[in-house]
Amino acid sequence: MKIEERMRKFLVLATVALGFVFTACDDEDNLSSSVLIGNKSGSNVIAQLDTLYLDARAENLSGTMEYSWTVDGKEVSTASTYKFSQPKTGEYVIGLTVSDGNGETLQTNITAKVEGRFGKGTFILNEGNMSNETGTLTFVDSKGTAMDSAYYRVNQTLLGNVCQDLFISDSKIYVLSQNGAKNGGEGLLTIANADNLEKERIYDNATLSWPTNLAVIKEALYIRDNKGVYMLNTSTDALTFVEGTGGALKNRMAVVGEKVFVMGSKKLFVIQNGTVIHTIPFESALSGIAKAYDENLWVSCTNPASINKVNPLDYTVESHALDVSIGAGWGVAPAFSAKDDIVYFSNAGFNLYRHIFSQNKTEKVANIKDYVEDAGTYYNSLGVDPVSGEVYFATLKGFSEYKINDIAIFDFTKTPALQADIRNKNSFPAGVFFTENFK
């Protein structure tokens, strides 16, 4: 049966795979032309800074093709393929326009969703070189993939000079630096979204003198500096000194419930609602504190060496003497890190030990130098994943060769124990921080 009249031209819009197809029927040969966006990645949802590999797929167009890719209406490429990657979260409309030699033009688009990538994993906070650098943030995800300068990659701004501490609370991440806006750094305190590292605000204050450590309870942010501990109300920016905290040591604080625990020379300050409500005395100098798995508090002491479990409610102490010193060195990180009742420490050196508290047993685990060729300097670098039990040990080749460095990841239930060696991603580490420890 003959068709008396052919259609002159029609457009049909159909959803095919992950793209939209525009189809045009030619009035002479009935061959339809179409274009769609091919997606080799398999999904339109990616994490920040990951990549969608897209390509233009055109049929029955003739002559030289011209391509135009747009993101939210702005042209980004004129090639036949496009790699889409974004540092900021949100939904983005990716458009494609294809023109052929006969002047026919077809258009299509897809919507890509970019999700936060930093909500679960491990941060290694780096001081950077005081004289000519700022601090940086290295992130290791659950698959062991490391990204250096994660904060800069997201925001295109630099953290403060000589970063010292990090804390996560109520979906926000707080990064404290010692020298603030030096060498291009943006300030003493950076507050960002904890899931995506997108900057929310910068805080500076001339009162603070070389701040080193912080802890957060709701709107109260506690900062230790050369004088002692201050409380910053993040709603009003009011900064008040916590009386009685003179002599607070340059080391990480711990939060259990509504209380902040701060190290003094041979005592712990217990702070609640901006006031020292108690002090806990110890026989020897303290070298580290951390919240324990069971809502108690770990405390390490040197000379005589011990690891202690402190009840944060009645302040009773269960103490285990150690045959090996458990010093922190001169940095700002605790002398130990723990998973459940297993406490790892190295006495600021390369012989790694663990103390199994339930058995009151201490044993040598490894000499890090046997695994890491360029391990020359220990520097604030021990951390234990509270979920997997993997041990992170970051090292430098030396103070003058700090660009040669390693983040070694160990699992001492496996052979070989070294699971990964991430090279040249840390610069004078200020500590290892696991997102799970802040939940």
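Analyst: The protein chain holds one helix and 38 strands; helices (H or I, at least four residues) and strands (E, at least two) are DSSP runs, numbered from the N terminus. This is a predicted model, in which local features need pLDDT of at least 70 and side-chain atom pairs count only at pLDDT 80 or more, while totals for chains, interfaces and linings use all residues. Residues are numbered from 1 along each chain as its sequence is written, and side-chain values use heavy atoms, with hydrogens and water left out.

On overall shape, the C-alpha trace of the protein chain spans about 105 × 55 × 40 Å along its principal axes. Its radius of gyration is 28 Å, whereas a compact globule of 439 residues would have one near 22 Å; the radius is taken over C-alpha atoms, and the globule rule is 2.2 Å times the number of residues to the power 0.38. Of the 439 residues, 51% are buried, where buried means under 20% relative accessible area, exposed over 50%, and partly exposed in between (1.4 Å probe, protein chains only).

Now to the salt bridges. The term stands for a side-chain nitrogen of Lys or Arg within 4 Å of a carboxyl oxygen of Asp or Glu. By this rule the count comes to 20 salt bridges.

One of them pairs Arg-201 with Asp-237, with 2.9 Å between the closest N and O atoms. Arg-201 sits in strand E17 (residues 199-203) and Asp-237 in the loop between strand E20 (229-233) and strand E21 (239-241), so this pair ties together parts that are 36 residues apart in sequence. Arg-201 is partly exposed, at a relative accessible area of 27%. Asp-237 is also partly exposed, with 32%.

Another joins Asp-406 to Arg-423, and here the closest N and O atoms are 3.0 Å apart. Asp-406 belongs to strand E36 (residues 405-410) and Arg-423 to strand E37 (residues 418-423), so the parts tied together are 17 residues apart in sequence. Asp-406 counts as buried, at 1% relative accessibility, while Arg-423 is partly exposed, with a relative accessible area of 39%.

Then there is the pair Asp-411 and Lys-414, whose side chains meet in a salt bridge at 3.8 Å, N to O. Asp-411 is buried, with a relative accessible area of 10%, and Lys-414 is partly exposed, with 45%.

For the strand side of the picture, here is one sheet as an example. Strands of a sheet pair through backbone hydrogen bonds, either parallel or antiparallel. Four strands form an open sheet in the order E26-E27-E28-E29, and their pairing is antiparallel; two strands pair if DSSP finds at least two bridges between them. At the edges lie strand E26 (285-291) and strand E29 (317-321), each pairing on one side only. Neighbouring strands of this sheet are turned by 20° against each other on average, direction ignored; the axes are lines fitted to C-alpha atoms, for helices over the stretch in contact, and angles run from 0 to 180 degrees between N-to-C directions. Five bridges join strand E28 (residues 306-310) to E29, and in E29 the bridge partner of Asn-308 is Ser-319.
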